[in-house]
Amino acid sequence: MLTLVARRFVRLLVVLAGVSLVTFAILHVSGDPVALMMPEAPEADRAGLRQSMGFNDPLALQFARFVGNISRGDFGQSFFHRAPALALVLERMPVTLLLTVIAMGLSLSLAIPIGILSAVRRNSVVDHSATFVVFLGTSMPVFWTGIMLILLFAVRFRLLPVSGWESWAALILPTLTLASVSTPLLLRIVRSSMLEVINLDYVRTARAKGVSEWLVICHHALINAALPLVTVAGLQFGLLLGGAIITETVFALPGVGRLIVGAIRQLDFPIVQAGVFVLALIVVLVNFVVDMLYLYLNPQIRVR
Amino acid sequence: MSIGTLAPPRVAVAAPLPESDRSRAWRKLVRNPAAIAGVLILLVVIGAAVAAPYVAPHDPMRQSLLRRFTPPVWVPGGNPAYLLGTDQVGRDILSRIIYGARISLVVGVSAVAVSLVVGVTLGLLSGFLRGRVDAVVMTVVDVTLSFPPLLLALAFVAALGPSLLTIIVVLGLTGWERYTRVVRAEVLALREKDFVEAARAIGASPLRMILRHLLPNTFSSIIVMSTLQVAQAILQEAALSFLGVGTGSAHPTWGQMITLGRDFVSVAWWLATFPGLAILLTVLAINLVGDRLRDALDPRVR
């Protein structure tokens, strides 16, 4: 158990090194970072900047310097906002996290009961409608879903605000939009993992012993179906953060996603790098926690 | 982070499909009404894309300020010449959707081709060579999985400069890891099979073993995964357009049409609605076909 945890931890560090390398590559992939940062500047100015920012040094040295800087939380100054890039990203983080967490909660509270129902009443009307919704949900572009919700609830019926972040009502449409990404996928997992355990011998035994149907489903079946759900929910967190970038742009929410999208339009690469790194770091940490949870929940591993 | 090591995908090994199985798979596919609907929709979309100049009622680029914001034909004020209405500069929406199918399909299929080449190659090498190569490849997979999907594509397309080629390559290079994981798992299982042992025993070269004995047995999963990835790549291309790093061309794309339509959503709902429906129908059709292919080809489901 302890060696497993230690091995996971080493893996975490290796993956973080890889994540920094990819983040570093964003600025260097085009070959000339200075041309990317100031496309209109005359060549003489560019040459000066290249020299002063150390872009003429070997890439390995530049990468080492980059890792040193980001380990101290220094992603450089935003060109546009004239402030440290990391501070700007962290300032916007609560909005993104709140949106993601609420959407995740909504997704789980929809997907678990409906998924169980569809598995228990296989091939019923509920099951078929759920499958239909899953297909529909996975085929809609997120931003279009958001725009259609605006069209319906804000423009047509004037029930909810179009955009902004001022009231709880303003949160409803973004949350629904984001949840439309993850609910179908979670629903599918709940259904299939329930179907897998529901006909196993021990469940049948429990039924034969006269355990009530409700208890069989919630206690015997669900607990074992929960393991894959935990892993998938962890992976979904990354997907939701990706969806949050789009959702924030649709509804003009002041989150990290919109900051990154804005920074990309202004070629403000310190912000892009800081944003990409922080979001990836969150995904890595969430999945690390999920891994630990999995080790803890899975008795087969725990005993070893 | 590594679901690869904790919960390996349950992959059963596909024996090479004998002819009877193959026809059974085909029968399963055609007997399903949803899959048939999917195939029909796809045929229409592909046909429209290929024959765009002949089926589009208007030039998709021609502007006409007199005809701005013509609503769809069934809405009062509609014009039968413009079935789905016109946009803010009077361009015919139906024609733009028909032409837009070209970009979506090209990006979807080409991005998957890039992912396939990279992902399958790495999966074969990783599963066949194991050891250090495997460790490195799986680390790269874990790193790739650490980024929220689309975020990486967004940053790299912006850095490389938006163009059709950039979008294809970047989407391809951010979507390969699923093939690597599955192909690797299948190869690891196949290695232990008698027919692979036998091939090794009679002195087949490693290359021959990979290409002749291992690769063909992963085709079922690869076909299913790549079908479903085409759908995802189409959605991603639209999302990149929406986030402002589109193909950079003047040619209409569905994502770009929705983006422009968003600004007019309160005055002209049809601008954003119809291109979105085009994406929805196309992606739904691909998903239906892909899902049915999985049922038909995947030995686990059979």
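A residue is called buried if 20 or more other C-beta atoms lie within 10 Å of its own, exposed if 12 or fewer, and partly exposed in between, with C-beta atoms placed from the backbone. In chain A, buried residues make up 38% of the 304 residues. The model is predicted, so local features need pLDDT of at least 70 and side-chain atom pairs count only at pLDDT 80 or more, while totals for chains, interfaces and linings use all residues. Residues are numbered from 1 along each chain as its sequence is written, and chains are lettered from A and ligands numbered from 1 in the order in which they are written.

**Chain A**

Chain A has 13 helices and zero strands; helices (H or I, at least four residues) and strands (E, at least two) are DSSP runs numbered from the N terminus. The C-alpha trace of chain A spans about 85 × 60 × 30 Å along its principal axes. Of the contacts in chain A with a separation of 6 or more, 73% are between residues 24 or more positions apart. Two residues are in contact if their C-beta atoms, placed from the backbone, lie within 7 Å.

**Helices 10 and 12 of chain A**

The axes of these two helices come within 9 Å and cross at roughly 175°. Axes are lines fitted to C-alpha atoms, for helices over the stretch in contact, and angles run from 0 to 180 degrees between N-to-C directions. Helix 10 and helix 12 of chain A are therefore roughly antiparallel to each other (an angle over 145 degrees). Helix 10 contributes residues including A:Leu227, A:Gly234 and A:Leu241, and helix 12 contributes residues including A:Leu279, A:Val286 and A:Leu297.

**Contact between the chains**

The contact takes 48 residues from chain A and 41 residues from chain B. Helices of chain A that each supply at least two residues to the side touching chain B include helix 1 (2–28), helix 10 (213–251) and helix 12 (269–297).

| Group | Nonpolar | Polar | Charged |
|---|---|---|---|
| Contact of helix 10 of chain A with helix 12 of chain A | 13 residues | four residues | no residues |

**Nonpolar cores**

A nonpolar core is a set of buried Ala, Val, Leu, Ile, Met, Phe, Trp, Tyr and Cys residues joined through C-beta atoms within 7 Å. The largest has 132 residues, and B:Leu154, B:Ala155 and B:Ala239 have the most contacts inside it. Helix 14 (residues 270–297) of chain B gives this core its largest share, 15 residues. Not counting residues up to four places away in sequence, B:Leu154 touches A:Ile264, B:Leu240, B:Leu243 and B:Val245.

Notes:
Parallel < 35°, antiparallel > 145°, perpendicular 65-115°, else oblique. Nonpolar A, V, L, I, M, F, W, Y, C, P; charged D, E, K, R; others polar.
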